[in-house]
Amino acid sequence: MDNREFGVRLTQFRERRRLSITQLAAVLQVDYMQVSRYEKGQSLPKLDTAVRLAEALRVSLDELAT
C-alpha cells in the first residue's frame, strides 16, 4: 500500500462523512496529528487502527486500503 494513495483515500472518505481531522481523531481516540500524518502520507496506521478508521468512515477496509 502506497502511503500517499492511502492518505488521499482517507481524506476523501473523511470529507464525504463531513468530519474534520479532529473529529475523526476523537472517534479513533488518537491525536489529531496522527490522522494528519496518515492523510499526508507520512505514515500508515497499524492494522487495528485501520480497521477502526474503516468502521468510523463506514467503508470496508478493502475500500480504504486499495
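Which exposed residues does the face of α4 turned away from its buried side carry? I started my notebook with that one, and I kept in mind that this model is predicted.

**Entry 1: the two sides of α4**

I looked up helix α4, residues 47–57. Its face turned away from the buried side carries Leu47 and Glu55, both exposed. Next I listed the buried residues of α4 and found Thr49, Ala50, Leu53, Ala54, Ala56 and Leu57. They cover an arc of only 165° around the axis, so they sit on the same side of α4. I recalled a handy rule here: an α-helix has 3.6 residues a turn, so residues three or four places apart point the same way.

Then I asked myself what covers the buried residues of α4. The cover includes α1 (3–16), α2, α3 (32–40) and α5 (61–65).

I turned to α2, which spans residues 21–28. Here I noted Leu24, Ala25 and Leu28 as the buried residues. Viewed down the axis of α2, they fall within an arc of 100°, so they line one face of the helix. On the other side of α2 I found Thr22, Ala26 and Val27 exposed. Among the elements that cover the buried residues of α2 are α1, α3 and α4. Just after α2 comes Gln29, and I wrote down its positive phi of about 60°.

**Entry 2: where α2 meets α4**

How do the axes of α2 and α4 cross, and within what distance do they come? I read a crossing at roughly 120°, with the axes coming within 10 Å. This angle makes α2 oblique to α4. The crossing of α2 past α4 is right-handed. From α2, the contact uses Leu24, Val27 and Leu28, and from α4 it uses Arg52, Leu53, Ala56 and Leu57. I sorted these contact residues by class and got six nonpolar, no polar and one charged.

Val27, by contrast, was on my exposed list.

**Entry 3: where α1 meets α3**

My last stop was the pair α1 and α3, whose axes come within 6 Å and cross at roughly 120°. That makes α1 oblique to α3. On the α1 side I noted Asn3, Phe6, Gly7, Val8, Leu10, Thr11 and Arg14, which meet Val35, Tyr38 and Glu39 of α3. By class, this contact has five nonpolar, three polar and two charged residues.

Methods
Residues numbered from 1 in each chain as written. Predicted model: local features only at pLDDT ≥ 70, side-chain atom pairs only at ≥ 80, totals over all residues. Heavy atoms only, no water. Axes fitted to C-alpha atoms, helices over the stretch in contact; angles between N-to-C directions. Helix = DSSP H or I, 4+ residues; strand = E, 2+ residues; numbered from the N terminus. Parallel < 35°, antiparallel > 145°, perpendicular 65-115°, else oblique. Left-handed = near helix turned anticlockwise from the far one by under 90°. Contact = heavy atoms within 4.5 Å. Nonpolar A, V, L, I, M, F, W, Y, C, P; charged D, E, K, R; others polar. Buried < 20%, exposed > 50% of the residue type's maximum accessible area, 1.4 Å probe, protein only. Arc of directions from axis to C-beta.
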